[in-house]
Amino acid sequence: MKSYPGALEALMVQLRKLPGVGHKTAARLAFHLVRRPAAEIEALAAAILEVGERLVLCSSCQNPTESDPCPLCSDPTRDRHKLCVVEFPADLASIENSGAFKGRYFVLHGTLAPMQGVGPDDLRLEKLRQLVADGEIEEVILATNPTVEGNATALLVGEHLRPLGVRLSRPACGLPVGADLEYMDPVTISRSLAGRGSL
Ligand SMILES: [Zn+2]
């Protein structure tokens, strides 16, 4: 292990905690920051602090928000009988941008990935069960990505909710296998949601 100045090493340690950042990337980012003007680094640090201080997860949908419940959950014009379950906040944003869904959401913050140590207990399933058990929701759309992990997660969530007697559906046609909802165009998302089938 190379030895870097303390501040640089401390930065790399923190960067390596970010998803997808290993030793090499952490070093590359840290050295990049060393070369940037102090004002730019301050702006970055301030933005990170702001996220830490002002954002919480909505107690209902689990999406990051500055007010709890979030604007989506407290919007009285949204359909309170439909709930769309997604893997990550970015997926919620993609569906929301498509304009195809006017119900409520729930963010799992992950997919079932036993190899990476992500099991059922990590997916906030109990919070989801409570939300659905509260009674207003009639249909749960399992909009996890059409990947192996996403499909396994949809099945798991479906089994978890089935005893509650709600309709379970899964966006079907138009989603390419292995695709990522986050990067999908709004038209494909709209078609896929419209063509959802029972799970
Ligand atoms: Zn919310």
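Q: How do H5 and H6 lie to each other?

A: H5 and H6 are oblique to each other. That word comes from angle classes: under 35 degrees is roughly parallel, over 145 roughly antiparallel, 65 to 115 roughly perpendicular, and the rest oblique. Here helix H5 (residues 125–133) and helix H6 (residues 148–161) cross at roughly 45°, with axes that come within 10 Å. The axes are lines fitted to C-alpha atoms, for helices over the stretch in contact, with angles from 0 to 180 degrees between N-to-C directions. Before we go on, this is a predicted model, where local features need pLDDT of at least 70, side-chain atom pairs count only at pLDDT 80 or more, and totals for chains, interfaces and linings use all residues. Residues are numbered from 1 along each chain as its sequence is written.

Q: What is the handedness of the H5 and H6 crossing?

A: You judge it by looking down on the pair: if the near helix is turned from the far one by less than a right angle, anticlockwise is left-handed and clockwise right-handed. The H5 and H6 crossing is right-handed.

Q: Which residues make that contact between H5 and H6?

A: Count two residues as in contact if their C-beta atoms, placed from the backbone, lie within 7 Å. H5 brings Leu-125, Leu-128, Arg-129 and Val-132, while H6 answers with Val-157, His-160 and Leu-161. By class, that makes five nonpolar, one polar and one charged. (Nonpolar means Ala, Val, Leu, Ile, Met, Phe, Trp, Tyr, Cys and Pro; charged means Asp, Glu, Lys and Arg; the others, Gly among them, are polar.)

Q: Where do the axes of H1 and H2 come, and how do they cross?

A: Helix H1 (residues 6–15) and helix H2 (residues 23–35) have axes within 9 Å of each other, crossing at roughly 130°. H1 and H2 are therefore oblique, and H1 passes H2 in a right-handed crossing. The touching residues are Leu-8, Leu-11, Met-12 and Leu-15 from H1, facing Ala-26, Ala-27, Leu-29, Ala-30 and Val-34 from H2. The H1 contact with H2 has nine nonpolar residues, no polar ones and no charged ones.

Q: And what angle do H4 and H7 make?

A: The axes of H4 and helix H7 (residues 186–194) cross at roughly 90° and come within 8 Å, so H4 is roughly perpendicular to H7. Ser-94, Ile-95, Asn-97 and Ser-98 of H4 meet Pro-186, Ile-189 and Ser-190 of H7. This contact of H4 with H7 splits into three nonpolar, four polar and no charged residues.

Q: What is the strand order of the open sheet?

A: Strands of a sheet pair through backbone hydrogen bonds, either parallel or antiparallel. Two strands count as paired if DSSP finds at least two bridges between them. In this model, five strands form an open sheet, S4-S3-S5-S6-S7, with mixed pairing. Strand S4 (104–107) and strand S7 (197–198) sit at the edges with a single partner strand each, so one side of each has no neighbour in the sheet. Helix H4 (residues 89–98) packs on the sheet, where it touches S3 and S4, and its direction makes about 130° with that of S3.

Q: How many bridges join S3 to S5?

A: Four bridges link strand S3 (residues 82–86) with strand S5 (residues 139–142), and the two run parallel. Lys-82 has Glu-139 of S5 as its bridge partner, and Leu-83 has Val-140. On to the next pair: S5 and strand S6 (residues 167–170) are parallel too, over three bridges, with Arg-167 in S6 partnering Glu-139.

Q: Which peptide bond is cis, and which residue has a positive phi although it is not a glycine?

A: Most residues other than glycine have a negative phi, and most peptide bonds are trans. The bond from Asp-68 to Pro-69 is cis, with omega near 0°, and Pro-69 lies in the loop between strand S2 (64–65) and S3. His-109 has a positive phi of about 65° and is found in the loop between S4 and H5.

Q: How many helices and strands does the protein chain have?

A: Take DSSP runs, numbered from the N terminus: helices are H or I with at least four residues, strands are E with at least two. The protein chain comes to seven helices and seven strands. An automatic or database assignment sets domain bounds, giving domain 1 (6–54) and domain 2 (64–198). Their centres, taken over C-alpha atoms, are 32 Å apart.
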